[in-house]
Amino acid sequence: MPNEPQAVLLDDAETSPVAPGIVRRALPSSGQVLVRAFDLEAGITWPEVDVHDRDELIYVASGELLDHGRSYPAGTYLYYQAGSRHQPRTETGVRIIVFGPAEAPPGA
């Protein structure tokens, strides 16, 4: 039925490795917005500086994200504007949900 939403439990979403300790989970998305979840194990830093040519929105679903010298606990919403740069990490482990443009660069 077209009026029913596509529902996915995050733990059941298809996974693919990004780097050691980081797993990407594909989520249903539209042609305009790409939605992914990322799980980072405790003690992991994103492998490179993430440079944004477009806006990126992040929701911290569980754990704690560390970025720009600040701690962002579960329930935090982050808005990274086009032109921003960051290299997030976690000491405790974290699950984030990332919303960005569908034409995201490879590996995003």
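This is a short walk through one predicted model, from the whole chain down to a few residues.

I'll start with confidence. The mean pLDDT of the chain is 90, and 93% of the residues score at least 70. If we compare strands, confidence is lowest in strand 4, residues 50–51, where the mean is 89. It is highest in strand 6, residues 70–73, at 98. One caution applies to any model of this kind: where pLDDT is low, the predicted coordinates should not be read in detail.

Next, the overall fold. How many helices and how many strands does the chain have? There are zero helices and nine strands. So that you can follow on the structure, the order along the sequence is β-β-β-β-β-β-β-β-β.

As for overall dimensions, the C-alpha trace spans about 45 × 30 × 25 Å along its principal axes. The radius of gyration is 14 Å; a compact globule of 108 residues would have one near 13 Å, so the chain agrees with that expectation. The accessible surface comes to about 6,600 Å², and carbon and sulfur atoms hold 52% of that. Of the 108 residues, 36% are buried. Now take the contacts with a separation of 6 or more: residues 24 or more positions apart account for 59% of them.

Now to single residues. Please find arginine 25, in strand 2, residues 22–26. Is arginine 25 buried or exposed? Its relative accessible area is 11%, and the cut-off for buried is under 20%, so arginine 25 counts as buried. Its side chain makes a polar contact of 2.7 Å with the side chain of aspartate 39. The arginine 25 side chain also reaches the backbone oxygen of leucine 10, at 3.1 Å. Beyond four places in sequence, arginine 25 is in contact with several residues, among them Glu14, Thr15, Arg36 and Arg95.

Then the aromatic rings. The count of aromatic pairs is one. That pair is phenylalanine 38 and tryptophan 46, with ring centres 5.4 Å apart. Their planes meet at 85°, and the cut-off for edge-to-face is over 60 degrees, so that is how the pair is classed. Phenylalanine 38 is buried, with 3% relative accessible area. Tryptophan 46 counts as buried too, at 10%.

Let's move to tyrosine 79, in strand 7, residues 77–80. Here the relative accessible area is 44%; that falls between the 20% and 50% cut-offs, so tyrosine 79 is partly exposed. Which residues does tyrosine 79 contact, leaving aside neighbours within four places in sequence? They are Asp55, Glu56 and Leu57. With aspartate 55, the side chain of tyrosine 79 forms a side-chain polar contact of 2.8 Å. For a sense of distance, alanine 102 is 23 residues from tyrosine 79 along the chain, and their C-alpha atoms are separated by 17 Å.

The last stop is threonine 92. Where is threonine 92 found? It sits in the loop between strand 8, residues 85–86, and strand 9, residues 94–101. Threonine 92 has 52% relative accessibility; exposed means over 50%, so threonine 92 counts as exposed. Leaving out neighbours within four places in sequence, threonine 92 is in contact with Ala42, Gly63 and Glu64. From proline 28, 64 residues away along the chain, threonine 92 is separated by 27 Å between C-alpha atoms.

To recap the residues: arginine 25 is buried, tyrosine 79 is partly exposed, and threonine 92 is exposed.

Definitions and conventions. Residues numbered from 1 in each chain as written. Predicted model: local features only at pLDDT ≥ 70, side-chain atom pairs only at ≥ 80, totals over all residues. Heavy atoms only, no water. Helix = DSSP H or I, 4+ residues; strand = E, 2+ residues; numbered from the N terminus. Buried < 20%, exposed > 50% of the residue type's maximum accessible area, 1.4 Å probe, protein only. Contact = heavy atoms within 4.5 Å. Polar contact = N/O pair within 3.5 Å; in protein donor to acceptor, adjacent residues only side chain to side chain. Phe/Tyr/Trp six-rings, centres within 6.5 Å; stacked < 30°, edge-to-face > 60°. pLDDT = per-residue confidence, 0-100. Rg over C-alpha atoms; globule rule 2.2 N^0.38 Å. Areas by Shrake-Rupley, 256 points an atom, 1.4 Å probe, with all protein chains shown as cover.
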